[in-house]
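Please consider the model displayed below together with its sequence.

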Amino acid sequence: MIPFLLALAAAQAAPAQSVPVVSTPQACAALARSAPEQAVQAAGAWRLQGGGLSALHCQGLAYSASEKWAPAAGAFEQAAAEAETGKDARRPEFLVQAGNAWLAAGDAGKAKAAFDSALVAGIGSPELRGEVHLDRARAAVALGSLAPARTDIDLALKLVPGDPFAWVLSSALALKEEKIARARADIAQATQLAPDDPDVLLQAGNVAGVGGDVEEARTLFAKAAKAAPDTPAGRAAAAALAANAGEPEPAATPPS
């Protein structure tokens, strides 16, 4: 009984952990990177103290850093709604972040709706519009809507032709469309832009494998796995090698 009482007394004497104080977006972002769980609490406290939209956005960032994707999406959507009421120019940004959080949560329908709203709300730069079209294409593919995905990707390629991942996504979609020549041409463009990128190497291996060049596919998968073993692309490439002692099958192209 005495040890229990001592332990209870020690627990009662232990000071409660204080919640870090954040009052700027920069401080929130830094805390979310270093201690996301504390950032969630800090954002809540900031909101109660009148932090407004910035505190709500901070909450979304903190949930994202904690990989709590559905709560993150909800926070970003609430921020977008409040931004619309307050005529705040950050509304499209919040909607894009909500869409990406919904994608990470596995809800492509809600992701597409958020990206639709962001594009209607108006995205400032052509580059950002291109990236949102790519994001919406990813949602469309997840929903099995290949034709709308192709429309979005082709728009994105015009807006961000220097983005290698746009060409990777286009190549991956072309394989789904059974357009091998298009898949080869698109991954060739990606390879010119980023020859050592693991996502590019992974998709190049997919295209080679589908085209019947088994040795080239193995070589490319091995390069991707070696270049970035702890990334989704590297793990997908390693899994493709391990699972296919014979002819390698296409590995999944991980979303960014």
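This is a predicted model: local features need pLDDT of at least 70, side-chain atom pairs count only at pLDDT 80 or more; totals for chains, interfaces and linings use all residues.

Residues are numbered from 1 along each chain as its sequence is written, and side-chain values use heavy atoms, with hydrogens and water left out.

In soluble globular proteins, nonpolar side chains tend to be buried together. A nonpolar core is here a set of buried Ala, Val, Leu, Ile, Met, Phe, Trp, Tyr and Cys residues joined through side-chain atoms within 4.5 Å; buried means under 20% relative accessible area, exposed over 50%, and partly exposed in between, with a 1.4 Å probe and protein chains only. The largest such core has 35 residues, and I153 and I187 have the most contacts inside it. Two or more residues come from each of α8 (126-142), α9 (146-159), α10 (164-176), α11 (180-193), α12 (198-210), α13 (214-227) and α14 (232-243). Helices are DSSP runs (H or I, at least four residues), numbered from the N terminus. The most is given by α10, with eight residues. Another core lies apart from this one and has 24 residues, among them L53, A79, A98 and V132. Contact means heavy atoms within 4.5 Å; leaving aside neighbours within four places in sequence, I187 is in contact with V168, S171, V200, Q203, A204 and V207.

Helix packing can be followed in two pairs. The axes of α9 and α10 come within 10 Å and cross at roughly 150 degrees, where axes are lines fitted to C-alpha atoms, for helices over the stretch in contact, and angles run from 0 to 180 degrees between N-to-C directions. These two helices, α9 and α10, are therefore roughly antiparallel (an angle over 145 degrees). On the α9 side, the contact is made by L146, A149, R150, I153 and L157, and on the α10 side by A166, W167, L169, S170, L173, A174 and K176.

The axes of helix α7 (residues 108-121) and α8 come within 9 Å and cross at roughly 155 degrees, which makes α7 roughly antiparallel to α8. Residues A108, A111, K112, F115, D116 and L119 in α7 meet R129, V132, H133, D135, R136, A139 and A142 in α8.

Finally, Q26 is placed in helix α2 (residues 25-34). Q26 counts as exposed because its relative accessibility is 59%. The C-alpha atoms of Q26 and C58 are separated by 9.4 Å, although these residues are 32 residues apart along the chain.

Note on methods:
Angles under 35 degrees count as roughly parallel, over 145 as roughly antiparallel, 65 to 115 as roughly perpendicular and the rest as oblique.
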